[in-house]
Structure formats: C-alpha cells, structure tokens
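Subject: Structure handover

Hello,

Here is the structure I said I would pass on. Please look through it first; my notes on what was found follow below.

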Amino acid sequence: VQLQASGGGLVQAGGSLRLSCVASGRTLGSYTMGWFRQAPGKEREFVAAIVRSGGSTYYGNYADSVKGRFTISRDNAKNTVYLQMNSLKPEDTAVYYCAADPSLTRASMMSDYEYDYWGQGTEVTVSS
C-alpha cells in the first residue's frame with residue numbers, strides 16, 4: 001500500500017488543521033493506521049492510531065498529550081484516514097507521518113517500528 005499525507009501548513013497557536021492520509025494500492029480497511037510526528041532534533045513519537053474497523057482509537061500518553069485536542073478517524077470507503085488537530089500549540093510543530101500495518105496489537109500500535117508502510121510526511125508549524 002502507498003500512503004500520501006497532506007494538510008500540513010503554518011497555523012497560529014490555538015488554531016486547527018486537518019491532516020489526511022490517502023492510501024492507494026490496497027484497501028485501507030485492511031490496515032491499522034497510525035499517525036506519528038517528529039519535531040526537529042527529536043525522535044519520532046506516536047500521536048494516534050485507529051483500528052481497521054474504526055471502532056477503537058488510541059492517543060499518545062505523554063506530558064503534552066494530544067488526547068482531547070486531536071482526533072483520529074477513518075473513512076474506509078474513501079481509503080483515507082484523518083487527524084483533526086485543534087487547539088494547536090507551538091510544541092505540536094513537527095513533521096507528521098501516517099503509517100499502516102495489517103496486523104497490530106493494541107500494545108504494538110504505538111511503536112513506529114511495528115508499522116510496515118509509511119507516508120512521506122506533512123509539515124505542521126504552529127507559531128506562538
């Protein structure tokens with residue numbers, strides 16, 4: 001499967017962006033989908049994941065948690081997964097990547113090395 005992420009850009013703190021990740025080559029419904037981000041000089045970190053059916057979602061659980069501000073969703077009919085980002089903060093500035101894998105457990109979906117397929121990344125810059 002090939003993944004194409006888009007929707008990044010420059011936004012002021014408190015603003016919103018919606019990222020999209022379109023899959024081609026295979027049906028998106030066969031994959032657990034995740035969003036990761038990598039800020040300059042930092043390691044890539046887990047942002048959110050959604051199971052194949054869309055019935056369960058998971059979010060990064062770190063100090064500057066995105067839970068409550070970000071929402072991951074998917075439209076399997078459109079072969080697209082979304083990341084709605086609200087109340088953006090400067091510390092959300094990063095390159096955001098979507099990823100896919102056909103078989104992940106709940107524990108493994110937060111690990112980037114578990115994903116087999118990656119999009120090219122879309123850059124998000126949040127100004128203060």
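**The disulfide**

A disulfide joins cysteine 21 to cysteine 98, with an S to S distance of 2.1 Å. Please keep in mind throughout that this is a predicted model. The count of disulfides comes to 1. Cysteine 21 belongs to strand S3 and cysteine 98 to strand S9, so the link ties together parts that are 77 residues apart in sequence. The link is right-handed, with 65 degrees about the S-S bond. Both cysteine 21 and cysteine 98 are buried.

**The open sheet**

Strand S3 also takes part in an open sheet of 4 strands, whose order is S1-S3-S8-S7 and whose pairing is antiparallel. S1 and S7 are the edge strands; each has a single partner strand, so one side of each has no neighbour in the sheet. On average, neighbouring strands here are turned by 15 degrees against each other, direction ignored. The antiparallel pairing of S1 with S3 runs over 5 bridges. As for individual residues, leucine 3 has alanine 23 in S3 as its bridge partner.

In soluble globular proteins, nonpolar side chains tend to be buried together. In this model, the largest nonpolar core has 30 residues, and those with the most contacts inside it are Met33, Trp35, Leu83, Met85 and Tyr96. Several strands give two or more residues to this core, among them S1 (2–6), S3 (17–24), S7 (70–75) and S8 (80–85).

Tyrosine 96 is worth a look in the viewer. Leaving aside neighbours within four places in sequence, tyrosine 96 is in contact with Trp35, Leu83 and Met85, among others. Its contacts also include Leu19, Phe36, Val47, Phe70, Gly121 and Val124.

**Threonine 32**

Is threonine 32 buried or exposed? Its relative accessibility is 4%, and because buried means under 20%, threonine 32 counts as buried. This residue lies in strand S4. With neighbours within four places in sequence again left aside, the contacts of threonine 32 include Ile50, Val51 and Arg52, as well as Arg74. Others among its contacts are Ala99, Ala100, Asp101, Leu104, Met109 and Tyr115.

Regards

Conventions:
Residues numbered from 1 in each chain as written. Predicted model: local features only at pLDDT ≥ 70, side-chain atom pairs only at ≥ 80, totals over all residues. Heavy atoms only, no water. Core = buried A, V, L, I, M, F, W, Y, C linked by side-chain atoms within 4.5 Å. Buried < 20%, exposed > 50% of the residue type's maximum accessible area, 1.4 Å probe, protein only. Contact = heavy atoms within 4.5 Å. Disulfide = S-S within 2.5 Å. Pairing = 2+ DSSP bridges. Axes fitted to C-alpha atoms, helices over the stretch in contact; angles between N-to-C directions.
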